[in-house]
Amino acid sequence: PELERPRGPATTPPEVVAYYSHRSEVPRALWMDVLEAAECEIGLLAYASLFLPEENPDAIALLRRKAEQGVRVRLVLGDPDSPEAALRGEEERLFDALPARIRMALAYYRPLAGVPGIAFHLHRTALYNSIFRYDEEMLINTHVYGEYGYMAPILHLRRVEGADLFEMYARSFERIWEASYPIGPEEAARKSGLHHALAAPA
């Protein structure tokens, strides 16, 4: 029988702008640059996405401003009370620290709950990637079993007509969005643990 011809070297998909071996290697300015440049749609899907407001203190205010400018903003964080978040904590060897990080992230993002133009959801899914979408660009933080998020790779994508890599991650975002549920300011405060602090006597 005829032997299969050897394949040529693999080529980089045209949608790949950059690849970073670790999230910690992504230039800090890039996170704010793509956020600032967004004109139509912003979508953040993660368990906590705590690094974004911690490393970029203006991120929350910028998300609000983008919504005021008419940009569609969707935030989807993990439900800290879900078994999926607990399992992810075990897999990352963070254990109870991961749900705690989600609660801390909710404290940062809580002022955005209820803001016109911003849809704030929680999810109860096992994420394989965190997806950060800004119009036609995406930053994909892959999840690696047993490794912390900042150690996992980041893929920077830009949508290209006729290619399908960007579209695949966009579909994944939409499926999780459909399975997630909205929360308002009070629920965000309760999930973050802030309701205890707010209810405590002075």
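The model is predicted: local features need pLDDT of at least 70, side-chain atom pairs count only at pLDDT 80 or more, and totals for chains, interfaces and linings use all residues. Residues are numbered from 1 along each chain as its sequence is written, and side-chain values use heavy atoms, without hydrogens and water.

The protein contains eight helices and eight strands, taken as DSSP runs (helices H or I, at least four residues; strands E, at least two) numbered from the N terminus. Its C-alpha atoms fill a box of roughly 80 × 40 × 30 Å along the principal axes. Of the 202 residues, 46% count as buried, meaning under 20% relative accessible area with a 1.4 Å probe, protein chains only.

Helices α4 and α5 come within 7 Å of each other, axis to axis, and cross at roughly 120 degrees. The two are therefore oblique, a class left over after under 35 degrees (roughly parallel), over 145 (roughly antiparallel) and 65 to 115 (roughly perpendicular). Contact here means heavy atoms within 4.5 Å.

| Helix | Residue range | Residues in the contact |
|---|---|---|
| α4 | residues 83-91 | A85, R88, G89 |
| α5 | residues 97-109 | L98, P99, I102 |

The residues of this contact divide into four nonpolar, one polar and one charged, with Ala, Leu, Ile and Pro among the nonpolar types, Arg among the charged and Gly among the polar.

Key:
Axes fitted to C-alpha atoms, helices over the stretch in contact; angles between N-to-C directions. Buried < 20%, exposed > 50% of the residue type's maximum accessible area, 1.4 Å probe, protein only.
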